[in-house]
Amino acid sequence: MKIINLTYPSPSEVVVTSDWEQFDIKANAVFAKSKKLLVVTDGKLFGIHKKLFDGFFPDKQVYYFRVPRGEGGKDFTVYYDLNELAFQKKFSRFDGVIAFGGGSVGDIAGFFASTYKRGLTFVNVPTTVLSMADASVGGKTAINFNGVKNVIGTFYQPKLTFINVELIKTLDEKNYKNGYGEIVKYCFLDGKVNAIDLNKAFDEDFAYRCLKIKSGLVEKDFFDQGERNLLNLGHTFGHAIERLSRFRLSHGECVVCGLYLSLVASKNLGVMSDKAFERAEQILTESGFSYKPPYALNRIIKQLETDKKFDG
């Protein structure tokens, strides 16, 4: 078991492990004042893993809410229904929310937790490589608006992020590989992750190294006003490509394409040498992803203006 302790803007513990032994202890400590819990998950995960939560919280009322898979779950109607359920079940501000799923589940559950009665106690249990290596840590929550990704959201730190890498055994190959698309950016940010890692199995050590890089930047710039922007590498182009595909392409695939366009732009602007560009492109090649964008550049650029990170 490996632990990362975050302190800003509020204390938060990230646990990386291969078993459930500590979840019972740590989650019940976080929810000590809660009488009711709402577990937000998706339909497939609900069928596979619901039994994991049966028995963890014998002294609490536990409700389950299933959201549509993928970006379809990050919708105003889903957000409304979450609020409706919490209101009908008389949730107090001391009650809790557990996100049990990938990055999209964490986004909608975290956004709901951050806004209902100005903030419920939030625990994130990521279940995909992408969410374990990146999305579950950092406190960003969001829903989509008018087909544009993550336009409406908050910064809201989970009290606990519990990462059990055994959960990825139920992932299909596409979703497993999707996570590595997000991990590629770490090869450009820190020597602790390199191109060789992109062909290794995802385990506790790999997850921990990724999250140490991310948490270090998050602690310095939680509200994404400066240095944390490094974690956005490839994402502005990537979100544009994702939107053009109507979310048929995975987030990881789009981020890798966005990374390539960022590299090309950097070389064309003269801030990256030809030699550096060649080394960077080699990393993308070794990642095994198809990194040349499937859409014309003018179509991609047209989408950039609606991205939340667009500036100038």
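Colleague: Which residue does Asp-190 meet in a salt bridge?
Modeller: Asp-190 pairs with Lys-192 through their side chains, at 3.8 Å from N to O. Bear in mind that this is a predicted model.

Colleague: Is Asp-190 buried or partly exposed?
Modeller: Asp-190 is partly exposed, because its relative accessible area is 24%, and buried means under 20%.

Colleague: Okay, and how many salt bridges does the structure hold?
Modeller: There are 18 salt bridges. One of them joins Lys-185 to Asp-134, with the closest N and O atoms 3.0 Å apart. That pair links distant parts of the chain, 51 residues apart: Lys-185 sits in the loop between α6 and α7, and Asp-134 in helix α5.

Colleague: Are those two buried or exposed?
Modeller: Both Lys-185 and Asp-134 are buried.

Colleague: What does Asp-224 form a salt bridge with?
Modeller: Its partner is Lys-140, and the closest N and O atoms are 2.7 Å apart. Asp-224 lies in the loop between α8 and α9 while Lys-140 is in strand β7, so the bridge ties together parts 84 residues apart in sequence.

Colleague: How do the two compare, buried or partly exposed?
Modeller: Asp-224 counts as buried because its relative accessibility is 15%. Lys-140 is partly exposed, with a relative accessible area of 29%.

Colleague: Which residues are linked in a network of salt bridges?
Modeller: That network is made of Glu-71, Lys-74, Asp-107, Lys-149 and Glu-242.

Colleague: Switching topic: what do the buried residues of α6 pack against?
Modeller: They pack against α5, α7, α8, α9 and α10. The buried residues of α6 include Tyr-180, Glu-182 and Ile-183.

Colleague: What classes of residue line the largest cavity?
Modeller: Its lining has six nonpolar, nine polar and two charged residues.

Colleague: And the second largest cavity, which element gives the most to its lining?
Modeller: That's α9, with three residues. This second largest cavity has about 80 Å³ of space, and among its lining residues are Lys-149, His-239 and Asp-307. By class, the lining divides into three nonpolar, four polar and three charged residues.

How values were computed. Residues are numbered from 1 along each chain as its sequence is written. This is a predicted model: local features need pLDDT of at least 70, side-chain atom pairs count only at pLDDT 80 or more; totals for chains, interfaces and linings use all residues. Side-chain values use heavy atoms; hydrogens and water are left out. A salt bridge is a side-chain nitrogen of Lys or Arg within 4 Å of a carboxyl oxygen of Asp or Glu. Helices (H or I, at least four residues) and strands (E, at least two) are DSSP runs, numbered from the N terminus. Buried means under 20% relative accessible area, exposed over 50%, partly exposed in between (1.4 Å probe, protein chains only). Contact means heavy atoms within 4.5 Å. Ala, Val, Leu, Ile, Met, Phe, Trp, Tyr, Cys and Pro count as nonpolar, Asp, Glu, Lys and Arg as charged, and the others, Gly among them, as polar. On a 1 Å grid over the protein atoms alone, a cavity is a set of points where a 1.4 Å probe fits but cannot get out, and a pocket is an open set with protein on both sides within 12 Å along at least five of seven lines; lining residues have an atom within 4 Å of a point. Grid points are joined across faces, edges and corners, and a volume is the space filled by probe spheres set on the points.
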